[in-house]
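Please consult the sequence and structure below while reading.

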Amino acid sequence: MTVASTAVTQRQVRIGVDSGGTFTDICIYDVAEGSIHVWKVSSTPADPSIGIADGIAQGIASLGLGTGESVNVTYLGHGTTVATNALIVGSGAATGMITTAGFRDIIELRRQKRDGLYDVQTEKPRILALRNQRLEVNERVLFDGSIMTPLDEEEVRAAARRLREDGIRAIAVCCLFSYLEPRHEQRIKAILAEEIPGAFISVSHEVNPEFREYERFSTTVVNAYLGPIMQRYLQRLQPRLEAIGIAAHPHLTQSNGGVISADTAQQFPARTVLSGPAAGVMGATTIGTLSGFDNIITFDMGGTSTDVSLISDGRPQMANESVVHGYPLKLPMLDIHAVGAGGGSIASIDAGGLLQVGPQSAAADPGPICYGLGNEDNPTVTDANVVLQVLNPTHLLNGRLPIDQAKAKKAIARLGERIGMDVMSVAQGIISVVVSNMAKAIRVISVERGYDPRDYTLFGFGGAGPIHASRLARALDMPRVVIPKHPGIMCAIGLLLTDLRTNFSTSRLMHLEESSTGAMEAAFTDLEQRAGAWFTHEKISPDNRVMVRSVDLRYGGQGYELNIPCPARVIDAAAVEALKKTFAAYHQQMYGYIAEGEPIHLTTLRLEVIGRVPKADLKPLDNAATPVSAALQGERQVWLPEMGGFTLCPVYDRERLGPGHCLSGPAIIEQMDSTTLILPGQNATIDSYLNIIIEEA
């Protein structure tokens, strides 16, 4: 916040904001002091920009500025769920499509596979561009990039006018083989801009210049569907920021873990569908590496969902294709698996009379019953923890959020009457079910992909993560849990620990042989030229530019590829042999075998492009001078099945715990943004970065 006065002293700060479904988290990094300040407010789902602006203003006010002091915000990073929520609830723009004659039904035919093979009632996701708004034009590019049928521009104009008359202002342009020859798509885009001024136009060779038309078309349609929503949101956000004195333009987290400008996010909103969770993974990666934990599984449990990801040797796992809420997106993303299990997940009785939790969520409005905001009948995971008294039964957020335990207990008791269980058993049952759901999610990204979770440390964060991390680690037999200093706002912190990042790719189908080295090198040279233009546009100096090559490989006849790191040096015969050996090792780990003698095919060349930017500097601290008893703030009866019922547990103030402090479970550690549970038989130590390290005694 800048105050127009020459008499004031300005604090230079960098701000990270994560706008979730339940809470909006604010992280403020004071550049001069090297200190981090955090704040948390309820989200405003109807217009997230309101909660963001209010949260930033409150967070800055909480800094306790002295007389003659002001704040100058030099950077604003933002993680958002706007695109994700629009995709989930179907609130995107009415979308049209223009495509090659004969191919308008590709996005509806999909891959002709049922999501549930044996489920006769399985439902396909809603089609985002209705059939009467998917229009065909005569044009045809062949598999080698040659033009067989020139574009009929009059048909394009007629299609544009029809879409305009139907009120369509979001249009996807998807032509066959445009990733090899984009001229037809470029001309269609120009005609649409003439015929429908102000329309949002999503063009497949710009969104995803890769082969596989269904996935490319799907990604382009999703991008068009989300475009007007993201534009309106960001255009509302900027004036709200300016109204509180912030001139810095926001940068948004991409699904690949990097950040992009707000202008780029408006053009390619599909890149932001995992915006918030991606920032948390990047923050956890940085803090984990600093603390000596290169192999971690991130466990981000918020109010609405739980997101898990695997980091091996300090590098997050990436996926070049993902299905988000039923829609394939062929974009580079962090490999994050999400389940509907958060603090706001609703507990209910299913048709078979069994207790289930989620995926429906009470979110921020009306929220859990104990918040007293209007929810009377749908108990949540948070309500269960309040009844068990793992969570403070009177208040949260350092007293700013009053808690009504009695209401939560009555609702859970009513649930118990339906299945013949007492209130405490039902509350603990809710926790057991949600932990089981989260354990399944972690097995998906570990065991099912050839990784043993027992070789990894569980890195727990999110507002609800530290409450459940100890039980989750026990369920998976993981040896260690790490809870960072500010777990409830980790995604906001991650925004201050990540670089600018983007990805370039091009599909070139060829055999991986020495004879292909020239074509591979030429393709990489083209990608690097495009990267150079991006570096220049983002004003990244040569010393801060990083480019990482990789290729997608598969055995001949396979339908899917593995992404393999590629040497940065010149592609020659030795590089080809190295790629073959690396591919064999990856294939062995993923599928359990190597097909000796089978030809290896290259499908896509990729370039990860990173622009290093200033980040929050986290420094280790000396051991605390006070005893751990100085952090004790009281005791509370907590229901622990491991102890047979209510057990008196010490409650510690996280702010007074310092490096070197050790304590034994059962114990509770409270802080403004989260609560940590240490189970009986576990010990906890505070390390030099103020992480809580929990291990079995």
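## Pocket, cavities and local geometry

Strand E27 contributes the largest share of the lining of the second largest pocket, namely 6 residues. The model is a predicted one, in which local features need pLDDT of at least 70 and side-chain atom pairs count only at pLDDT 80 or more, whereas totals for chains, interfaces and linings use all residues. Residues are numbered from 1 along each chain as its sequence is written, and side-chain values use heavy atoms, with hydrogens and water left out.

Helices (H or I, at least four residues) and strands (E, at least two) are DSSP runs numbered from the N terminus. On a 1 Å grid over the protein atoms alone, a pocket is an open set of points with protein on both sides within 12 Å along at least five of seven lines, and a cavity is a set where a 1.4 Å probe fits but cannot get out; lining residues have an atom within 4 Å of a point. Grid points are joined across faces, edges and corners, and a volume is the space filled by probe spheres set on the points.

**The second largest pocket.** This pocket holds about 760 Å³ of space. It is lined by 36 residues, and Glu206, Arg271, Asn503, Phe504 and Arg530 are the closest to its centre. At least two lining residues each come from helix H6 (204-207), helix H8 (262-267), strand E27 (500-511) and helix H15 (517-537). By class the lining comprises 13 nonpolar, 14 polar and 9 charged residues; here Ala, Val, Leu, Ile, Met, Phe, Trp, Tyr, Cys and Pro count as nonpolar, Asp, Glu, Lys and Arg as charged, and the others, Gly among them, as polar. Arg271 also lies over the face of Phe268, at 4.3 Å from the ring centre. A charge sits over a ring if NZ of Lys or CZ of Arg is within 6 Å of the ring centre and within 35 degrees of the ring normal. A further case is Arg14, whose charged end sits over the ring of Tyr75, 4.2 Å from its centre.

**Cavities.** The structure holds 3 cavities of 30 Å³ or more. The two in the table are described by volume and lining class.

| Cavity | Volume | Lining classes |
|---|---|---|
| Largest | about 120 Å³ | 9 nonpolar, 2 polar, 2 charged |

Of the 13 residues that line the largest cavity, Ile107, Ile127, Leu128, Ser218 and Tyr327 lie nearest its centre. Helix H7 (213-243) and strand E18 (327-329) are the elements giving two or more residues to this lining, and H7 gives the most, with 4 residues. The lining of the second largest cavity includes Ser470, Arg474, Met478, Gln682 and Glu695. Its contributors of two or more residues are helix H13 (465-476), strand E26 (480-483) and strand E37 (692-696).

**Aromatic pairs.** A pair of aromatic rings is described by the distance of the centres and the angle of the planes. Rings of Phe, Tyr and Trp (its six-membered ring) pair if their centres lie within 6.5 Å; planes under 30 degrees apart count as stacked, over 60 as edge-to-face and the rest as tilted. A search of the whole structure finds 7 such pairs. Phe177 and Tyr179 form a tilted pair, at 6.2 Å centre to centre and 50° between the planes. Tyr555 and Phe583 form an edge-to-face pair, at 4.9 Å and 75°. The latter pair links distant parts of the chain, with Tyr555 in strand E28 (residues 545-555) and Phe583 in helix H16 (residues 573-591), 28 residues apart. Tyr555 is buried at 5% relative accessible area, and Phe583 is buried at 1%; buried means under 20%, exposed over 50% and partly exposed in between (1.4 Å probe, protein chains only).

**Backbone geometry.** Most residues other than glycine have a negative phi, and most peptide bonds are trans. Gly358 and Pro359 are joined by a cis peptide bond with omega of about 0°, and Pro359 lies in strand E22 (residues 355-361). The bond from Gly665 to Pro666 is also cis, with omega near 5°. Leu397, not a glycine, has a positive phi of about 55° and is buried at 11% relative accessibility. Lys539 likewise has a positive phi, of about 60°; this residue lies in the loop between H15 and E28 and is exposed, with a relative accessible area of 73%.
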